[in-house]
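Subject: Structure handover and notes

Dear colleague,

I would be glad if you could read the two side by side.

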Amino acid sequence: MSAPLRSSNGGPGRQKLLGIYLNDHLAGATAGAGLVHRMVQEHGDSPCGRELRALETDVLQDRRALVRLMRDLHAPARRYKVYGAWLGEKLGRVKPNGRLLRRSGLTLLIELEAMRMGVTGKALLWRSLLAASPGDPRLDSGRLEELLQRAERQLEAVDFLHAKAASAQLTPTGPPSSAREAVAQGTPQRDQG
């Protein structure tokens with residue numbers, strides 16, 4: 001049994017753990033970017049399209065912010081994790097959905113649930129780094145706070161879209177004729193900041 005890595009002094013053990021942590025989140029950000037891009041392709045012309053496109057823009061900006069942060073922290077990206085996440089997102093599309101050749105109305109609901117898990121993880125990343133920022137001058141607490149606030153807005157948007165999709169797909173009156181109708185009742189107001 002080996003001794004645990006000591007990280008209280010900010011030495012090499014801490015840097016290694018930080019690199020692993022950031023790479024795990026980069027893998028998640030890669031999968032999330034692929035997922036939201038697919039959602040925009042499928043539902044971009046629906047009433048929820050505007051909100052999905054805004055979410056895609058945010059997710060891509062957040063991934064770039066993470067890559068820049070990793071560079072600033074001298075935490076190299078582990079390509080095998082990034083490629084693995086990219087492949088995992090693609091393979092995740094192949095699942096039984098009750099239909100042979102096309103997407104079911106439940107696909108949007110499941111994708112929004114997966115997106116919520118990813119955004120929740122991202123918010124926890126920013127929160128963790130914000131907590132560590134007083135002890136690490138490389139971490140810009142103001143920028144981390146902005147990223148955390150954006151993640152919280154993303155959670156609100158995903159929750160709104162999910163509630164509409166769940167209501168449309170799971171009510172006793174039956175599912176709508178297409179998944180695009182799942183959110184036809186509108187989208188939440190977004191902060192433009």
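Which residues are linked in a network of salt bridges? They are R14, D136 and R138, where a salt bridge is taken as a side-chain nitrogen of Lys or Arg within 4 Å of a carboxyl oxygen of Asp or Glu. Before the details, please bear in mind that this is a predicted model, in which local features need pLDDT of at least 70 and side-chain atom pairs count only at pLDDT 80 or more, while totals for chains, interfaces and linings use all residues. Residues are numbered from 1 along each chain as its sequence is written, and side-chain values use heavy atoms, with hydrogens and water left out.

Overall fold

The protein has five helices and zero strands, these being DSSP runs numbered from the N terminus (H or I and at least four residues for helices, E and at least two for strands). Of its 193 residues, 41% are buried; here buried means under 20% relative accessible area, exposed over 50%, and partly exposed in between, with a 1.4 Å probe and protein chains only.

Salt bridges

The count of salt bridges comes to eight. D136 counts as buried because its relative accessibility is 4%, whereas R14, at 22%, counts as partly exposed, and R138 is partly exposed with a relative accessible area of 32%.

Another salt bridge joins R38 and E111, with the closest N and O atoms 3.3 Å apart. R38 lies in helix α1 and E111 in helix α4, so this pair ties together parts that are 73 residues apart in sequence. Both R38 and E111 are buried.

Helix packing

Helix α4 (residues 106-132) packs with α5 at an angle of about 160°, their axes being 9 Å apart; axes are lines fitted to C-alpha atoms, for helices over the stretch in contact, and angles run from 0 to 180 degrees between N-to-C directions. The two helices α4 and α5 are therefore roughly antiparallel to each other, given that angles over 145 degrees count as roughly antiparallel, under 35 as roughly parallel, 65 to 115 as roughly perpendicular and the rest as oblique. Helix α2 (residues 49-72) packs with α5 at about 150°, with the axes 11 Å apart, which makes α2 roughly antiparallel to α5.

Surface patch

On the surface, L106, I110 and L170 form a nonpolar patch with about 270 Å² of accessible area together. Patches are made of residues with over 30% relative accessible area and no salt bridge, like charges being joined within 9 Å and nonpolar side chains (Val, Leu, Ile, Met, Phe, Trp, Tyr) within 5 Å; the areas come from the Shrake-Rupley method with a 1.4 Å probe, and for residues only the protein chains shown count as cover. L170 lies in helix α5 (residues 141-170) and, at 55% relative accessibility, counts as exposed.
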